Amino acid sequence: MKPIDKIIQGDALKILKKIDDNFVDLGITSPPYNKGEKYKGWLVKNVKYNATSDNVSEEVYQEQQIQVLNEVFRVTKPGGSFFYNHKTRWARGKMLHPIEWIKKTKWTVRQEIIWDRMIAANIRGWRFWQIDERIYWLYKSIDDNKIGEELKSKHALLTSIWRFPPERKNGHPAPFPLLLPTRIIYSILDDKKGVVLDPYVGSGTTCLAAKLLGSNYIGIDISKEYVKDAEGRLKNYLDYKKIVTEEISKHIVEKTFADRKNDNGNTGKYRKGKLPSQSKLL
Ligand SMILES: C[S@@+](CC[C@H](N)C(=O)[O-])C[C@H]1O[C@@H](n2cnc3c(N)ncnc32)[C@H](O)[C@@H]1O
């Protein structure tokens with residue numbers, strides 16, 4: 001099938017299997033993180049989905065994620081990308097890193113982006129407070145070219161560390177902020193339009209960004225209630241236009257590399273023991 005502008009209720013893997021090959025231009029998702037509901041802590045108590053338990057064995061979880069990622073790969077056009085939001089976790093002191101299972105999929109890992117959420121979900125002193133999540137830019141190469149097209153400077157200048165707080169005004173237990181899919185869609189599709197997929201769409205944030213940027217969307221979620229909420233948000237999409245406009249205004253090149261060089265300004269290169277400050281680079 002070739003669904004367009006639809007939020008589909010059901011299991012991500014089962015629905016993905018019904019979608020045609022090479023149909024999607026870009027995908028973005030934040031899957032359930034397999035938090036392990038038998039453990040205590042703020043995150044476990046407060047982030048509970050209404051239709052699924054987020055507690056399977058880690059082995060089963062990773063295998064499911066590999067299957068979903070490979071199915072997303074199949075439905076994505078060659079040259080297309082998938083942005084996979086996850087984070088490092090620990091189970092009984094052992095670190096679980098998303099790259100462990102991502103590397104077992106068919107995708108080429110194009111970049112690891114740090115999302116600085118500025119606030120910790122779990123505030124305990126076993127480790128430094130974890131305020132970061134990761135966003136993996138996964139790429140489906142055309143033939144054997146694993147590098148792909150260059151990003152325009154106005155997007156690339158936003159760097160590999162993205163700083164914005166998590167969403168607060170949303171009834172869903174774990175939404176990402178609208179800025180996040182907006183940044184991705186605008187950077188990757190630029191002024192082109194395409195089909196944008198989110199297989200764990202929750203409150204529909206990815207679809208909302210796609211719609212506001214003039215693209216088409218496909219969302220999947222197992223919860224009937226979240227699908228209804230997502231559809232409600234999409235009906236009122238214009239209420240969110242300001243957030244999208246604000247993100248777009250950040251994609252600018254104030255000074256080109258040549259301008260910086262001519263002004264004897266900071267080109268980002270290491271000079272005489274001085275590290276470039278980030279503010280000067282932007
Ligand atoms: C982290 S949330 C996504 C939130 C979303 N990014 C947003 O902004 O609202 C993960 C979602 O995955 C859904 N989910 C869990 N298991 C699923 C499955 N097997 N198939 C489809 N959706 C699933 C949950 O209902 C939840 O809404």
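The following is a conversation about a predicted model and how some of its labels are reached.

Biologist: What makes up the chain, in helices and strands?

Modeller: There are eleven helices and ten strands. The chain has 282 residues, of which 31% count as buried.

Biologist: Why is Asp 5 called partly exposed?

Modeller: Asp 5 has 14 C-beta neighbours inside 10 Å. A buried residue needs 20 or more, and an exposed one has 12 or fewer. The value 14 lies in between, so Asp 5 counts as partly exposed. Asp 5 sits in the segment before strand E1 (6-9).

Biologist: Why is Thr 159 called exposed?

Modeller: Thr 159 has 12 other C-beta atoms within 10 Å. The cut-off for exposed is 12 or fewer, so Thr 159 is exposed. Its place is the loop between helix H5 (153-156) and strand E8 (161-163).

Biologist: What is the phi of Thr 159, and what is that of Asp 5?

Modeller: Phi is about 70 degrees for Thr 159, a positive value although the residue is not a glycine. For Asp 5, also not a glycine, phi is near 55 degrees. Most residues other than glycine have a negative phi.

Biologist: Which residues touch the most other members of the largest nonpolar core?

Modeller: That core has 47 residues, and Ile 185, Val 196 and Ala 209 touch the most other members. Leaving out residues up to four places away in sequence, Ile 185 touches Leu 26, Val 196, Ala 209, Ala 210, Leu 213 and Ser 215.

Biologist: How do the residues of the shell around the ligand divide?

Modeller: They divide into twelve nonpolar, seven polar and two charged. Of the 21 residues around the ligand, those that come nearest are Pro 175, Tyr 200, Gly 202, Ser 203 and Thr 205. Pro and Tyr count as nonpolar, while Gly is among the polar ones.

Conventions: Residues are numbered from 1 along each chain as its sequence is written. This is a predicted model: local features need pLDDT of at least 70, side-chain atom pairs count only at pLDDT 80 or more; totals for chains, interfaces and linings use all residues. A residue is near a molecule or strand if its C-beta atom, placed from the backbone, lies within 6 Å of it. Helices (H or I, at least four residues) and strands (E, at least two) are DSSP runs, numbered from the N terminus. A nonpolar core is a set of buried Ala, Val, Leu, Ile, Met, Phe, Trp, Tyr and Cys residues joined through C-beta atoms within 7 Å. Two residues are in contact if their C-beta atoms, placed from the backbone, lie within 7 Å.
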